Amino acid sequence: MELLRFMYCGKLRTAEPAILLDILMVADKFEVPSCMRDCSQLLTSLPMTTESALLYLDHPCSILIPATVHHLIVAAKDFLAKKYSDVHKFQDELMNMSLAGIEAIFSSTDLHVVNEDCLYRLLLKWARARYPELEERRKILSSHLIPLLRFSHK
């Protein structure tokens, strides 16, 4: 309905990130570039929060024009990486983070840790909590998380 309203009025009535992302997806599907542009501009102008950053990263991206939301995804990753750079301070929050959020944080080269062993233990703890089934946990760890660790080879 919001897309139809936009097509007739030329304005969006919401500033809710989740709704704007849904409108963006529908506008992409029905090829309404002016609506996609407006949604993207509105999303960019909103203040970034942990919730909105995770929403941008976790949103199903079947968008045909990824450049429309690419800057949002980059901004979300940067926001999470900066906010959670001291991983020990935020361990409890990290335990509730989605896989996309964990990947964004652990991809950063600016994490404040004593050594990568601490990160490894934290990733194992997170994976055990989120993926209780051994095979699924092993797959997630090996394909997504372990490559993010940078053990020194001294």
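**From labels to values**

Modeller: Let's start with the record: UniProt lists residues 2-44 as "domain: BTB", in an unreviewed entry. Positions from UniProt are given in the numbering used here, feature names are shortened, and annotations may be inferred rather than shown by experiment. Also from UniProt, the feature "domain: BACK" (unreviewed entry) is placed at residues 70-142.

Colleague: What should I know about the model itself?

Modeller: This is a predicted model, where local features need pLDDT of at least 70 and side-chain atom pairs count only at pLDDT 80 or more, while totals for chains, interfaces and linings use all residues. Residues are numbered from 1 along each chain as its sequence is written, and side-chain values use heavy atoms, with hydrogens and water left out.

Colleague: How many helices and strands does the protein chain have, and what makes a run count as one?

Modeller: Helices are DSSP runs of H or I with at least four residues, strands are runs of E with at least two, and numbering starts at the N terminus. By that rule the protein chain has nine helices and zero strands. For residues 70-142 the values are 70% helix and 0% strand, and the end C-alpha atoms lie 26 Å apart.

Colleague: Why is Ser108 called buried?

Modeller: Buried means under 20% relative accessible area, exposed means over 50%, and partly exposed is in between (1.4 Å probe, protein chains only). Ser108 has 11% relative accessibility, so Ser108 counts as buried. Ser108 sits in the loop between helix H7 (99-106) and helix H8 (116-130).

Colleague: And what does Ser108 touch?

Modeller: A contact means heavy atoms within 4.5 Å. Leaving out residues up to four places away in sequence, Ser108 touches Ala81 and Arg150.

Colleague: How is Ser107 classed, and how do you know?

Modeller: Ser107 comes out at 42% relative accessibility, so Ser107 counts as partly exposed. Ser107 also belongs to the loop between H7 and H8. With residues up to four places away again left out, Ser107 touches Leu148 and Arg150. The C-alpha atoms of Ser107 and Ile140, 33 residues apart along the chain, are separated by 15 Å.

Colleague: Why is H7 described as largely enclosed by the rest of the structure?

Modeller: Count its residues: seven of the eight are buried, and therefore H7 is largely enclosed. The buried ones are Leu99, Ala100, Gly101, Ile102, Ala104, Ile105 and Phe106. Over the whole protein chain, 42% of the 154 residues count as buried.

Colleague: Is Glu51 buried or exposed, and what about Glu31?

Modeller: Glu51 reaches 60% relative accessibility, so Glu51 counts as exposed. Glu51 lies in helix H4 (residues 50-58). Glu31, at 63% relative accessibility, counts as exposed as well. Glu31 is placed in the loop between helix H2 (17-29) and helix H3 (33-45). The phi of Glu31 is near 55 degrees, a positive value in a residue other than glycine.

Colleague: How many positive and negative side chains does the protein chain have?

Modeller: Lys and Arg count as positive and Asp and Glu as negative, while His and the chain ends are not counted. The place of a charge is taken as NZ of Lys, CZ of Arg, CG of Asp or CD of Glu. The protein chain has 18 positive and 19 negative side chains, and the centres of the two sets lie 2 Å apart.
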